[in-house]
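The following exercises treat the architecture of a single protein chain.

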Amino acid sequence: MNNLLITLLTCACLFSLDASASVKALEILHLANEQNIVNIASAKRYLLLPVQDNAPEAKLYVVSANRKILGREINIRLARERVDYIVPLDLSDFAGKDIKIDVQGMPAPSVCWKYMTLSDTFDKTNREYWRPVYHHTPVYGWMNDPNGMFYKDGTYHLYYQYNPYGSTWGNMHWGHSTSKDLVTWTDERIALSPDAWGTIFSGSCVVDAENTSGFGEGAVVAFYTSAKPTPWGDVQAQSIAYSTDNGKTFVKYDNNPVLTSDLRDFRDPKVFWYAPGKHWVMVLAAGQEMLIYSSPNLKEWSYESSFGLRDGAHGGVWECPDLIEMPIYGTDEKKWVLICNINPGGPFGGSAAQYFVGRFNGKKFVNESPTVTKWLDWGKDNYATVTWSGVQDRIVAIGWMSNWQYQAQLPVMQYRGVNTLPRELELYVNDGEAYIRTIPVKEVETLRKDCIHKEPFTVAGGESVVNDFLKNPDGAFEFEVKIKTTSAKESIGFILCNDNGEEVKCHYDMSKGQFVMDRTSSGKVDFSRDFPAVTVAPVNMGKTVSLRVFVDKTSVEIFGEDGKFVMTNLVFPTRPYDTIRFFATDGGYNVKSLDIYNY
């Protein structure tokens, strides 16, 4: 039996593509020049499409009554030599109609034609070893930037950049998940799909409590970038949609787009109500600056100012802004913070999130520290961080846990994309300078199943102290540690490791005042030359240091010194880390407390 036949039989079994389980009412016509027509005459909900992750893209159009259906124009990597996974094309909008699928750029001798089938169900069972246990991911397909997050009537809504037709970037929609507790997420139906103005790029949502827009009191209004490729270059404009059922379904505004520009990079609208001025504010990313607009009604927008010409890092394009008034910890004072995600140009290569602290009068933002570049996270994998609207008692943010350097090469296929833990943000002051303090939302503590408490112990110079905690086969856990540095002079820290020799080494460099995470030997790292990395955060070393560490199947998130620094990095160990090894290179230290929580 040849390898191709083995592959096909395996895929048929893996994806439950038994023809007897589905009425295969398809007629496939192959034309010249890799043109194909799929006639569909049976009323089934899905057309199941076999995908090969590294294949060239084909173009797929849904045709009804001899007309191409807007929003059903798909770029998809249909399987040529092998089937990596299956994605569904939802046909429920065409019930009772005969439709055709126009497939362009696809050779006739390809395996996809044999395994393309109709079905009333789509198997969403997880098939990925590295799918996280307690972080948000899409059920299948590609995910990047979190979008449109709002809180209303006890529910947190999380939308995200989504490709439902493959685990590579493209066909941008808004996917949708909801949660009551920021920990357990429910997958919802797609919220926004492409239309005549293009695909659906990043944006935000607000609740229009006073009906300034005329869409209805309490309507949820979504702002997004319509992104349309043309033969003359990409076009980006701002569009809106509204929901009267708390964000479950949206109706697009008839007069879209509501804001246009001749700029090539003109995207990611963040909108909020500015109470002192009684108007709405929109912050937009435009190349390497942010543009600020105002509106009385969410439909008509006036330019107010720009920010960023000489501020912060400029190694790449600015994206995904957020502008929030943030409290200073331990005081009654507040300052405005502008979050600015940048790609490339991060401190360790690729994408990252920077921020600015200053003043905002409803029309213009002023950075109070133009010579200082501030990073929200000191790892490689926290990008597109934005906050939920509608949360009254705290500021809650989430980021896309990846990096544009290697996201498309990650060693998973059923899905690609994971979000960070939701985090609370506030400011603290150090030497007269305001910085963001980041802590995990308190709801994550509900994940704790049991606590392994270790009595205080000492680690001497050159010594390694092992703590085994193999109780969770998924490798999902949290631990809190407090260390008294005593006589330590060089490096003190810990190593997460397993019996396969894979490890993540984390330590304080006492002489340089730095915290360091090394994932170069963390497991599978060879899928990208940019993935093996050492990341470094500046810290103020005291006699006692504290860390809160969250480990999931594919990530390590460290919150140090009560959130004064954060480091987020992906990892891909071939078996879970089941040991913490504490070490000191010179001098020694005391572990005052160590609590390990299995998830």
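Two strands count as paired if DSSP finds at least two bridges between them, and a strand itself is a DSSP run of at least two residues. The model under study is predicted.

**Exercise 1. Describe the overall dimensions and burial of the protein chain.**

Step 1. A compact globule of 599 residues would have a radius of gyration near 25 Å; the protein chain has 25 Å, so the value agrees with that expectation.

Step 2. Along the principal axes, the C-alpha atoms occupy a box of roughly 80 × 70 × 40 Å.

Step 3. Of the 599 residues, 59% are buried. The accessible surface is about 24,200 Å², and carbon and sulfur atoms contribute 48% of this area.

Step 4. Among contacts with a separation of 6 or more, 63% join residues 24 or more positions apart. The secondary structure of the chain comprises two helices and 43 strands.

**Exercise 2. Determine the strand order of the open sheet of five strands and identify its edge strands.**

Step 1. The order is S12-S11-S10-S9-S28, and the pairing is mixed. Strand S12 (186-187) and strand S28 (415-416) each pair on one side only, which makes them the edge strands.

Step 2. Strands of a sheet pair through backbone hydrogen bonds, in either a parallel or an antiparallel sense.

Step 3. Strand S9 (residues 141-152) runs parallel to S28 over two bridges; glycine 141 has tyrosine 415 in S28 as its bridge partner.

Step 4. S9 and S10 are antiparallel, with seven bridges, and proline 146 stands opposite tyrosine 160 in S10. The hairpin of S9 and S10 has two residues between the strands, and aspartate 153 takes a positive phi near 55° there.

Step 5. S10 also pairs with strand S11 (residues 173-179), in the antiparallel sense over seven bridges. Here histidine 157 has threonine 178 of S11 as its bridge partner.

**Exercise 3. Are the residues on the two sides of S10 buried or exposed?**

Step 1. Thr155, His157, Tyr159, Gln161 and Asn163 point one way from S10, whereas Tyr156, Leu158, Tyr160 and Tyr162 point the other way.

Step 2. The residues of both sets are buried; nine of the nine residues of S10 are therefore below the cut-off of 20% relative accessible area.

**Exercise 4. Which lysine lies over the face of tyrosine 129, and which aromatic cluster includes tyrosine 129?**

Step 1. Lysine 553 lies over the face of tyrosine 129, 4.6 Å from the ring centre.

Step 2. One aromatic cluster is formed by Tyr129, Trp130, Tyr406, Phe527, Phe531 and Phe572.

Step 3. A further charge over a ring is that of lysine 374, whose charged end sits 4.9 Å from the ring centre of tyrosine 435.

Note on methods. Residues are numbered from 1 along each chain as its sequence is written. This is a predicted model: local features need pLDDT of at least 70, side-chain atom pairs count only at pLDDT 80 or more; totals for chains, interfaces and linings use all residues. Side-chain values use heavy atoms; hydrogens and water are left out. Rings of Phe, Tyr and Trp (its six-membered ring) pair if their centres lie within 6.5 Å; planes under 30 degrees apart count as stacked, over 60 as edge-to-face and the rest as tilted. A charge sits over a ring if NZ of Lys or CZ of Arg is within 6 Å of the ring centre and within 35 degrees of the ring normal. Helices (H or I, at least four residues) and strands (E, at least two) are DSSP runs, numbered from the N terminus. The radius of gyration is taken over C-alpha atoms; the globule rule is 2.2 Å times the number of residues to the power 0.38. Buried means under 20% relative accessible area, exposed over 50%, partly exposed in between (1.4 Å probe, protein chains only). Contact means heavy atoms within 4.5 Å. Accessible areas come from the Shrake-Rupley method with a 1.4 Å probe; for residues, only the protein chains shown count as cover.
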